[in-house]
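Colleague: I would like to go through this model with you step by step, and I will ask about one part at a time.

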Amino acid sequence: MKGLYVLLMFVIASRSLCARETPTPFFNVLSYGAIGDGQTDDTNAFLEAWQDVCGTVDGIPTLFIPRGKTFMLQPLLFQGPCKSAYIMIALKGIIIAPHSVEAWKWPNNERTAWIQFWQISGLNIYGGGTFNGQGAPWWSKYLGSEEINRPTALVFSGCENLQLHRLTHIDSPRNHISIGSCNGIIISKLNIIAPETSHNTDGIDIAHSSNILIRNSNIQTGDDCVAINSGSSFINITGVFCGPGHGISVGSLGRGGEYAMVEEIHVRNCTFNGTQNGARIKTWKGGSGYARKITYEDIEIVGAYNPLIIDQHYHPNGKSESTSSTAVEVSDVTFRKFRGTSAQENAIQLNCDSNNIGCTNIVLDDINITNVAGGTTKASCTNAHATSISCHPYVSCLP
Ligand SMILES: *[C@@H]1O[C@H](CO)[C@@H](O)[C@H](O)[C@H]1NC(C)=O
Ligand SMILES: *[C@@H]1O[C@H](CO)[C@@H](O)[C@H](O)[C@H]1NC(C)=O
Ligand SMILES: *[C@@H]1O[C@H](CO)[C@@H](O)[C@H](O)[C@H]1NC(C)=O
Ligand SMILES: *[C@@H]1O[C@H](CO)[C@@H](O)[C@H](O)[C@H]1NC(C)=O
């Protein structure tokens, strides 16, 4: 009798437990006809699965992409808003782009992105899988003398509460991940890998977005590991290993007279190994607005070419600059606790604009950068309103 009672209680308990548990409806792309042989176009299967994921009301619908398979996808759009407040994409396998430039099929010849996520809230992509943009044939591709428009691998726009965890991104034709008009993002344990010689293959590019945390990731690319563009604020980056690449950059800002706004950017505990730049703030002449409240702290430098640089005369080809006298104001910037080696003598560069709103309240504190080749290092500055505390090389160029 007592045994039955215990059993009964157990059944009741587990029943009510089940009832309270949120169901996790899985939508496996294989059930929608995806083949996953790396050749067949699986785009439609993914889009059909997405319709069901995005239309599901109960639980946390999950788009499931199984391990051990390679899914070839043409440019596609995962469109929101979705019915559920949370959506998961479990990427266990590999998603691969078409193998040649000619093999890409563009819905309306807009060569902007490979995979777009539009207006999706609460999206979490995780699972140890890979996005392979097959960028190599794009990197050297020209139409006549013009370089052709190359697509970004993943574009997230208009998102709220996005998470990306444990994913590998390789060989994008252009940026690996672009984030625009988003709020609330956590990114961790990404591996982003493209050759040092691949142009414009930024790791993570952020614009018009706020409240972002990027941590514990490894980024090796041919351009900026992370680039923070106008309209971005409250962005923390920590535990990122960058190199090869062009560093973690604020900007470029103010191109073509842009009014730029960037503030509250905090980069901490990052390593730059063999990069072109380390901590960099770059603005074009002729822009306006501000880049302020920026800290780079606990930074390890291993043979970076420009370990610490503010450049208010940025121009990638060194072409003629705007004659406008305006500038994006750079202020309240702290570089603290830098250790390591520079690949050239000029380890610290504060190249500020000549007018009064150039760069103000720049603090260099506890810095020791030596020359990787055993020579000396120096600091150079123009128009910099900065203070330095315990800094090697000694910043003798400050007023
Ligand atoms: C971002 O960094 C700032 C400054 O270090 C810190 O005050 C803030 O709590 C951090 N925010 C997050 C979400 O980590
Ligand atoms: C610094 O980043 C590394 C990853 O590169 C991480 O393992 C370590 O825990 C971080 N340390 C601190 C103090 O945050
Ligand atoms: C820097 O990169 C080189 C070449 O990839 C590697 O051998 C070395 O271990 C790295 N150093 C650090 C401190 O991570
Ligand atoms: C700077 O670093 C070098 C190499 O690690 C070291 O020999 C030197 O003592 C350091 N200088 C200061 C002022 O800490």
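Colleague: Which residues are around ligand 1, and how much of ligand 1 does the protein bury?
Modeller: In this predicted model, the residues found around ligand 1 are N236, H266 and R268. Of these, N236 places a polar side-chain atom 2.4 Å from an oxygen atom of the ligand. Taken alone, ligand 1 exposes 360 Å², and the share of that area which the protein buries is 37%.

Colleague: Which residue has a polar side-chain atom 2.3 Å from an oxygen atom of ligand 3?
Modeller: The surroundings of ligand 3 consist of F241, N273 and V302, and the protein covers 30% of the 360 Å² of accessible area that this ligand has on its own. The residue whose polar side-chain atom lies 2.3 Å from an oxygen atom of ligand 3 is N273.

Colleague: Where does the largest nonpolar core lie, and why?
Modeller: This core has 99 residues, among which F156, Y296 and F335 touch the most other members. If residues up to four places away in sequence are left out, F156 touches several residues, including F117, L123 and I177. Because residues of the core come from both domain 1 (1-217) and domain 2 (224-399), the core lies between these two domains.

Definitions and conventions:
Residues numbered from 1 in each chain as written. Chains lettered and ligands numbered in written order. Predicted model: local features only at pLDDT ≥ 70, side-chain atom pairs only at ≥ 80, totals over all residues. Heavy atoms only, no water. Core = buried A, V, L, I, M, F, W, Y, C linked by side-chain atoms within 4.5 Å. Buried < 20%, exposed > 50% of the residue type's maximum accessible area, 1.4 Å probe, protein only. Domains from an automatic or database assignment. Contact = heavy atoms within 4.5 Å. Near = heavy atom within 4 Å. Polar contact = N/O pair within 3.5 Å; in protein donor to acceptor, adjacent residues only side chain to side chain. Areas by Shrake-Rupley, 256 points an atom, 1.4 Å probe, with all protein chains shown as cover.
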